[in-house]
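Have the sequence and the structure open side by side as you read.

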Amino acid sequence: MGLDMCAYARPPRKRNSDDDVGICDWRKHNRLQGWMENLWESKGRPNWKPSEDENDFSGDFNSVELQLTRADLYDLKDDILEMNLPESNGFFWGSDSYSWNDEDDKPYPDNEYYYKEQDLNFVAEAHKMLDKGYRVFYSCWY
């Protein structure tokens with residue numbers, strides 16, 4: 001169990017996921033999750049479906065499809081480069097994405113973190129897909 005995240009592109013004029021093209025996958029990158037959830041909140045929680053359980057007030061971002069615009073990607077790139085992704089916590093989300101390099105068992109140097117190169121590659125690939133007329137989406141499940 002844990003936070004699994006993905007980004008994908010959907011061809012023009014397609015409504016379902018049958019023809020989606022994967023762009024990037026992450027696991028337990030809690031700061032990116034926090035950034036995306038903040039973006040989703042700022043857009044008015046698009047595609048959110050309230051629970052049928054009247055006692056469920058979570059309103060969470062789990063399994064919600066978030067469409068990303070070119071402006072969103074520019075903002076994300078700036079926040080990646082400035083290490084301005086928000087500290088975020090959740091059940092099974094793992095430890096802070098910025099604080100520790102598990103591969104080397106030591107802290108990351110300033111302005112670096114485990115997912116930085118992958119995050120920047122995602123932004124670049126997402127821009128390429130937008131250039132081709134695809135729509136870009138982010139989703140997560142935990």
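## Ground rules

A residue is called buried here when its relative accessible area is under 20%, exposed when it is over 50%, and partly exposed in between, using a 1.4 Å probe and protein chains only. Helices (H or I, at least four residues) and strands (E, at least two) are DSSP runs, numbered from the N terminus.

This is a predicted model, so to speak of local features takes a pLDDT of at least 70, side-chain atom pairs count only at pLDDT 80 or more, and totals for chains, interfaces and linings use all residues. Numbering runs from 1 along each chain as its sequence is written, and side-chain values use heavy atoms, with hydrogens and water left out.

## Positive phi away from glycine

Let's begin with the backbone. Met83 isn't a glycine, yet its phi is positive, at about 50°. You'll find Met83 in the loop between helix H2 (70–81) and helix H3 (116–131). With 21% relative accessibility, Met83 counts as partly exposed.

Ser63 is another non-glycine residue with a positive phi, this one near 65°. Look for Ser63 in the loop that runs between helix H1 (30–42) and strand S3 (66–68).

## Salt bridges across the chain

How many salt bridges does a search of the whole structure find? The count is 9, where a salt bridge is a side-chain nitrogen of Lys or Arg within 4 Å of a carboxyl oxygen of Asp or Glu. One of them joins the side chains of Arg10 and Asp20, at 2.8 Å from N to O. That pair links distant parts of the chain: Arg10 belongs to strand S1 (residues 4–10), while Asp20, 10 residues away, is in the loop between S1 and strand S2 (21–27). Arg10 is buried at 4% relative accessibility, whereas Asp20 is partly exposed at 23%.

Asp72 and Lys43 make another salt bridge, with their closest N and O atoms 2.6 Å apart. Asp72 is in helix H2 and Lys43 is in the loop between H1 and S3, so this pair ties together parts 29 residues apart in sequence. Asp72 is buried, with a relative accessible area of 9%, but Lys43 is partly exposed at 34%.

Now for a local pair. The side chains of Glu125 and Lys128 meet in a salt bridge at 3.1 Å, N to O. Both residues lie in helix H3, 3 residues apart, or about one turn of the helix. Glu125 is partly exposed at 34% relative accessible area, and Lys128 is partly exposed too, at 45%.

## Helix H1 and its cover

H1 has 13 residues and spans 18 Å from its first C-alpha to its last, close to the expected 18 Å at 1.5 Å a residue (the expected span being 1.5 Å times one less than the number of residues). After H1 comes Gly44, whose phi is positive, near 85°.

Is H1 largely enclosed or largely open? Of its 13 residues, 10 are buried, so H1 is largely enclosed by the rest of the structure. Among those buried residues are Trp35, Met36, Leu39 and Trp40, along with Arg31 and Glu37. The cover over the buried residues of H1 includes S1, S2, S3, H2, H3 and strand S4 (135–141), contact meaning heavy atoms within 4.5 Å.
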